[in-house]
Amino acid sequence: MLTGHDILCISSVDWDFHWQIHHEIMSTLARHGNRVLFIENTGVRTPGVDDLARLRQPIRNWWRSTEGFRLERENPIL
């Protein structure tokens with residue numbers, strides 16, 4: 001198992017969306033002593049009025065975080 005590395009995951013979905021395989025892989029890598037930066041979906045087009053409801057949660061997540069980052073959980077000491 002890979003350990004002691006910095007890993008960047010540019011995701012197609014948000015962390016708080018339905019749990020998928022890349023969430024599981026990144027969580028497993030973090031549990032094994034890697035530092036994981038999970039970048040949520042930033043979108044591929046300019047948002048419109050119809051997107052306001054969908055954008056509410058990502059904006060709320062960003063506002064609650066520290067400068068755009070959120071610590072999901074500490075890595076265990078191995």
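The following legends describe close-up views of a predicted model of one protein chain.

**View 1. Overall arrangement of the protein chain.** The secondary structure of this predicted model consists of two helices and two strands. Read from the N terminus, these elements follow the order β-α-β-α. The chain has 78 residues, of which 24% count as buried. Among the contacts that link residues at least 6 apart in sequence, 68% join residues at least 24 apart.

View 2. Leu8, Ile10, Leu37, Ile39 and Phe69 make up a nonpolar surface patch of about 490 Å². Strand E1 (6–10) and strand E2 (35–39) are the elements that each give two or more residues to this patch.

**View 3. Leu8 within the patch.** Leu8 lies in strand E1 and is one of the residues that form the nonpolar surface patch. The relative accessible area of Leu8 is 53%, so this residue is classed as exposed, the cut-off for that class being over 50%.

**View 4. Glu74 in the segment after helix H2.** Glu74 belongs to the segment that follows helix H2 (52–64). With a relative accessible area of 61%, Glu74 is therefore classed as exposed, given the cut-off of over 50%. Glu74 and Ala30 are separated by 44 residues in sequence, and their C-alpha atoms are 8.7 Å apart in space.

Conventions: Residues are numbered from 1 along each chain as its sequence is written. This is a predicted model: local features need pLDDT of at least 70, side-chain atom pairs count only at pLDDT 80 or more; totals for chains, interfaces and linings use all residues. Side-chain values use heavy atoms; hydrogens and water are left out. Helices (H or I, at least four residues) and strands (E, at least two) are DSSP runs, numbered from the N terminus. Buried means under 20% relative accessible area, exposed over 50%, partly exposed in between (1.4 Å probe, protein chains only). Contact means heavy atoms within 4.5 Å. Patches are made of residues with over 30% relative accessible area and no salt bridge: like charges are joined within 9 Å, nonpolar side chains (Val, Leu, Ile, Met, Phe, Trp, Tyr) within 5 Å. Accessible areas come from the Shrake-Rupley method with a 1.4 Å probe; for residues, only the protein chains shown count as cover. A salt bridge is a side-chain nitrogen of Lys or Arg within 4 Å of a carboxyl oxygen of Asp or Glu.
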